[in-house]
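Subject: Structure for you to look at

Hello,

Please find the structure below. My notes on it follow.

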Amino acid sequence: MTAAVSKNLKDMTFEDFCRTVFDTTKRFEKPETLKGVRVVSTTQYILGPSCANYLAELGAETIKIELPKRGEPMRHTTPFNEPFLYPLSRWMPDKGTGLGFFGANANEYFLSLDFHKPEAIQIMKRLAAKTDVFCENYRAGTFDRWGIGYRQHAEVNPRTIYQWMGGFGGWGPGRNRASYDILGQAQGGCFSITGWHKEYGGMPSKQTIWIMDYWGGAISAFNIIACLYWRDNVSNKGNFLEYSQVHGAQRHLTDFISLYGKTGVVAQRFGNWEPLLCVHGILKCGKSSYPNSKNPFRFRLQGRGLREPVQSDQPSGSCQEVPDPLRQGGGRCAERHLPRAREVGGGQDERAGMGRVQESRARLPACVELQGGLRTGALPSPWKPCLDRRPDLRRRPDAGGPGPHVRNTSSRLLGLQAVRRGQRVHPGEAVRLQRFAHRRAGEERDHLKKRKGGYDDI
Amino acid sequence: MAEKWRTEKKRPKIKVLPWPAIPPPTVDEVYAGVDEKKKGYSLWVESAVRQQFNADKPESLDGLRVLDCTANQVIGHWCSSHFSELGAEVIMVEPTGGDPLRKLTPFGREEYMFTAANGEKCGARFLSEARNKLSITLNVETKEGQDLLKSIIPQVDLLIENAAPGHYDKLGIGYRQLSEINPRLVYLWVGERGQWGPLKDQPGAMDPVGQGAMGFIHGTGAPVAFGGTPTRSGWWLADQVGGTFAAMGAMAALFAREKFLGKGQFVECTAAEGVMRIIDYNWGWHGMDGSVRPRYGNWDLAINIYAVNPCADGQIMVGGGHDRLWFRIWRAVGKDRPELEQHICEDPKLRVVTDRLPHYMQVETYTTMCDWTKDKTRAQCEKSLQEEEVASGGVSFLDEVCEFPHYKYRGHLEICDDTNYGKVLIGASSFIGMNTPGRIKWIGRTVGQDNEDVYRRLAGLDRERLKALRKGGVI
């Protein structure tokens, strides 16, 4: 940063200063925080992949290893089986990739390895010597049994940081139990304090997002960066870390646990009210359906029977005292409970509900052009670090299927020079090269056209 | 009089057993009957990471000094808890008189507060985020206060604040001024809606603003057709998620400072954006075809079976959308009700994993499933599903969570015997690790308890000077 600009920064107003230093369009001009750190992620679903993804967003070189053919299960996970992103992969000729996959796999290189083959184990062992961080979420002890767990990696490379993530952890009475995000929420206690009380007609409710997975990934990523810090600055030693999903849930129960310990009180659900603060809750507001209301709330029937609120002429002024975003939660959008509601028009502004969110969406590369011409809103970054430096995310478009980076990564890291398009690397089919564009290009294009046409008609 | 009636007469006396009411299982009980080869790994992990050995191990962030200048919001305290659990020296800089969060207690009941040895009362929410932190007071509005803060800054690695946007800058202790004193300082601002942008100055600094801001509340709870409303999370989700992201951003900045940058930087993280990052596929879906993700209650739009459904004594979670688990789930159901298994497994529309996702398919699945669960308790459902190795578990209430053998055995909850507050049950650090585990050393401090220690150590103040500052309302 030049001296002139620096001087300027000191004189400008604080808001302008923030606008300048956090300018998200300048992202790619700043260095990446974790550049040079190599992460190998043998994970599926959300918990593990999101952890590796946060590291990748901060600039680590992240290699994701999936099973060949179908890839990881999140690729087949998409709301109501409706939206899929293309290109069609060789292994899923009729489907693209489900949207569930894209929140936790950006910026990564994709390999496919079949761990049932001895060659795959050899490759993992060779990777161990050159890898800083392993993220893994197979059943506890599985990798250890296969000879590619922490204990074996640490012999080759004592600086390895190995993060295991999963449901109940590798030890203790529940160690053999399987887990998912909502099991963490349910059995960890988060359900029991969310939603309205039974007397108010409510029941324990899910936090709508896969929160225990995404948050668990975040806290694991924090721990990994802390361990990298310790390794590089203090000890030169690696680490074995374990994150248990149900444990994360208890971390969130903060005061409820202390209160139970002190008084035996079992925390209850209070819906949208907050027992700690008054007035502090989510109230229905905005347009009103009372007779003679200044701000009426009308409906009209839209195609497919959707109930769409009609925009009133008057601004929704009756909730001026209440912070804006609540309007979104309690007002208009609340009435849409059917999927695939299309905006009536000019809806962008109102949906975002909150200028800042809206702006931060606009600041980002709002749409990433993916293969196949479909557009997806890019996920925004929660950090906006500043100045001429940036531990910050940037997104490369996700690759299409499991394994497109086989050639690049395997030859660069493992010296597997023999990898050529369409040629098997090992007799045991350990590494399969995914044949991408060339041979099937024509075929896929045709298919895509058909599919797209069909899609738009829906 | 009314007060007396409310607090003393009406409430029944509850005899509270000390926690744990049932002792946790012993190692022998847990591994009884498991053959050597199978338990080898578990025993190794256990010996490597068990919390009872924590005190012998180093701490990864030992030597870092964090000033947590936030007040009245959980996000900053939650963020600095990450650092304090891993060994950084975290100093809470509270306004004189203490952080207003100290006074928060459910329904304003004083008997739910924790009393320190000196008689000071503190709410549980604040106390659980005061772990391992020192507490000093400082009035940054005064000139002396600002000078005092500036004199400490050269010895600080990370400063966290959540004042109104630009307020610290106006006071002369913002990033622009402090980075001149200490270029290696990482300066983190946390909040709900950011320091810039059209809504930066709007009122609303608490968690529901963050939760409501990005569609979380809109998506949580049952759909209107099921009698539901948009619902907030019972814990302070936006603050706690945003706080973790803030910690990650700040930690990455510290890592970069040591690795190649040589200087600190300004980092901003808001609760709303933390949750925006992790709100599943909402943006992608909206970008594709304008869809707004609907509320879907305790079911999941993208996975079937993956839901919490009612059973005889509460609710039971069952999960497993993919073929391997799908058929196991129905096998478990079929042991009692073969006709239900047959109904599902013979349905050609439910054969392919993605074909099960549309709404009407989910309705069919869960209607059939509830036909089985309605007669069974959570424990019975869990048992038959776990025999098939399916992820399942009952919805647990707080007492069940605190007494769950697995959590007790693994130390997810622990009793911390604190010099100030006595024995307090607390959710333990979730950083489990072999070499550098997270740990809880003390629960928290009373307001300004470490004033003397910290100001003597970092600012070189003597007794007279401290007295003068105290008299002037600076500390």
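Helix H8 (residues 211-235) of chain A packs against helix H11 (residues 237-261) of chain B at an angle of about 20 degrees, with the axes 9 Å apart. Axes are lines fitted to C-alpha atoms, for helices over the stretch in contact, and angles run from 0 to 180 degrees between N-to-C directions. H8(A) and H11(B) are therefore roughly parallel (angles under 35 degrees). Their contact has 19 nonpolar, three polar and three charged residues.

This is a predicted model: local features need pLDDT of at least 70, side-chain atom pairs count only at pLDDT 80 or more, and totals for chains, interfaces and linings use all residues. Residues are numbered from 1 along each chain as its sequence is written, chains are lettered from A and ligands numbered from 1 in the order in which they are written, and side-chain values use heavy atoms, leaving out hydrogens and water.

An open sheet of seven strands runs in the order S5(A)-S2(A)-S1(A)-S6(A)-S7(A)-S8(A)-S14(B), with mixed pairing. Strands (E, at least two residues) and helices (H or I, at least four) are DSSP runs, numbered from the N terminus; two strands pair if DSSP finds at least two bridges between them. The edge strands are S5 (108-112) of chain A and S14 (432-433) of chain B. S14(B) runs antiparallel to strand S8 (residues 239-244) of chain A, joined to it by two bridges. In one of the pairs, Glu242(A) has Ile432(B) as its bridge partner.

Regards

Terms used:
Angles under 35 degrees count as roughly parallel, over 145 as roughly antiparallel, 65 to 115 as roughly perpendicular and the rest as oblique. Ala, Val, Leu, Ile, Met, Phe, Trp, Tyr, Cys and Pro count as nonpolar, Asp, Glu, Lys and Arg as charged, and the others, Gly among them, as polar.
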